[in-house]
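Work through each task before reading its solution.

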Amino acid sequence: MIGLIKSTFGDKVQIQLGQLGAAAITVNNGLHRDVLKTMLAADGKTGITAITGLDLGATIGVYYHIHTSDVFVTIKTEVRKENPKTQTIVDLHPGAAFHELEVADLLGVVFEGHPTPGHFVLSENWPQGVYPLRKDVKVNEIKNVPTPASETIKLPENERLVKIIIGPQHPALLEPEKFAVTVDGETVTKVEPRIGYVHRGIEKASESRGYLQDVYLMERICGICNSCHAYGFVGAVEKILKTQVPPRAEYLRVIALELNRLHSHLLTLGHAGLEIGYETLFQYFWRDREPIMDLIELTSGNRVYSSLITIGGVRRDLKNTDIPKIKTTLKELRAKLPFYRQIYENEPTLKLRMKNVGVLSKQDAINLSVVGPVARGSGYDVDVRKDEPYSAYGEIPFKEIVYTTGDTWARMNVRLDEVEESINIIEYAVDHIPSGPFRLELPRSVPAGEAVHRLEAPRGELFYYVRSNGTDMPDRVKVRTPTFANIPSFLKTAIGESIADIPANFVSLDPCFSCTDR
Amino acid sequence: MTDTKTWARIKSPWVLHFNSGACNGCDIEIVALLTPKYDVERFGVKLEPSPRHADVLLVTGCVTQQCAERLKAIYDQMPQPKFVVAIGACACSGGVFEGNYNVVGGVDKVIPVTAYIPGCPPRPEAILDGVVKLLNALNPPKPKKQPKQAELPKEKTKPEAVEAQAAQGIVEEEKQVAK
């Protein structure tokens, strides 16, 4: 792929191999569309992982992180600060729509030709011309005006249609988000999302804290997949530092990440039961989730925020005396899985609410760049643990779970099967853990440089971009979370279905908005 | 009559949960409270989806700009007497997000708070303890129970303040009924 770009564009592109993925391709503003077009034509699985915007002084950098079936590359382009205009790529790849909106909101880049411009993360009455991620904006000088409790709703032009507002406070949502659903009778014709109710400005805050403090801050992006966020940041920083952590630390990290996945999947499987009115299933799954929480507490000292993964290794070693307890707990959970599988296979109410609901085809999954169990439920086999093994995943055997029907049922079954795979991984890791040190002492300052790190969080691929300027604080941290990439699939699959199917369909994405908004 | 009402209130408080910009840590712990291991329903606590039926508002999160006015609106919709419990470090003071743009920082900057339960996130046992303390505070203190209560306070809950506010709430409700 890189050779193809080199031969097609010649001197117009500068290619640095091994930077920000397989290669960083620097192009002039405007040419990024042509490079992307070439990549899309050459590889059917080309998609966009993230768009990073960053303040580079006189210019604003717009970095397109692109994945294809075999490589991960970054297309770098820059726009002038006084005229920050560039061409949209939504017409080439619809999955880029949300990424562009976010960069526009936080850095003021204008994407010409974007189908739905406007605020996406920041509130509607955010002060004009203040772009929080620009370096000249001081956080304490931003004059905030709270969003009024009620907003004007644009009514649909056709009188047959009714607009139903779900959120920000709604029984079906655990988190404050708003979805304006237009319905014709009971059939959904349009879904307009509005995120940003949980936007806490974490990316900006990370620029004024030290690297070690940032590990704890990044963990607090999400209370569910917290170890994954810590590892995403730590992994990127360690790439800039060019260090190799001890093998024992890598195994301990795998155990922490998989425990995270276990409790997250059990949580979602139970939550799905609640959303379809099957509360017993919810109570069963959450009952079986508690022993996993006890294991997280046993291995890290904390129930929810494990804070185990840190720069240079892990904070705490695994005691040999704890291993039997881990094994017994996992064995007990494994023994319960056939019961759940039988419910998913045979329970008629569950099948009625989940089979053929929210069907996402494989081609749509590729076009919208969805990740994780949503992609794997549609037969699109992406799993960073397999595609680009990190930590100790290269040495541990496990299966990649793929279902092909693409409906809610398939997405939930991917998670149910992954619970078993996670148990296998932890058991293998505990048995084969090498001895030795579990942490390196590393300097507080990080040399100037930039790196990306991708990992498979419970909800899908989590992406971190970290840029350092040689001090003890990062220059820019960008997080692209899995739910951010998966929401477009819900907007597509909800259309044409009954409004009563929205909760089941929506929860099958395992949405996490504290991740999405940051 | 007041005694009967207080008794009924203590035996079945309906709670509403509002996430004002939390990371899901505290929220999941609240949901965990409802599940078999902790089972808060044995105290008569029921999670209620509508603010108009709720007695207690459990707020998590650091209160973002988008949520501040909505939190106030939800509080206004609740019937008297009403109690607010701030759960987690963020809800108590803004926590790790204090000072960020888009963050108000602390529930008490927007609505009055009856009880604070700190922690990041507080353990389900701590939330349970806080809720039970709030319920106990509704009861007029009996002389026999006083030494026992003095041993308890591990939490940041202020029993006197809670009682005063609870009493105030009941008085206000009585006034409304009288009208």
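Buried area is the accessible area (1.4 Å probe) that two parts lose on being put together, summed over both. The model is predicted: local features need pLDDT of at least 70, side-chain atom pairs count only at pLDDT 80 or more, and totals for chains, interfaces and linings use all residues. Residues are numbered from 1 along each chain as its sequence is written, chains are lettered from A in the order in which they are written, and side-chain values use heavy atoms, without hydrogens and water.

**Exercise 1.** Describe the interface of chain B and chain A.

Solution. 
Step 1: About 3,900 Å² is buried between chain B and chain A, with 61% of it on carbon and sulfur atoms.
Step 2: Of the area that chain B buries against chain A, 21% comes from Gln66(B), Arg70(B) and Tyr101(B), more than from any other three residues.
Step 3: Counting contacts (heavy atoms within 4.5 Å), 42 residues of chain B touch 51 residues of chain A.
Step 4: With a salt bridge taken as a side-chain nitrogen of Lys or Arg within 4 Å of a carboxyl oxygen of Asp or Glu, the count between the chains is three. One of these joins Arg303(A) and Glu29(B), at 2.8 Å from N to O.
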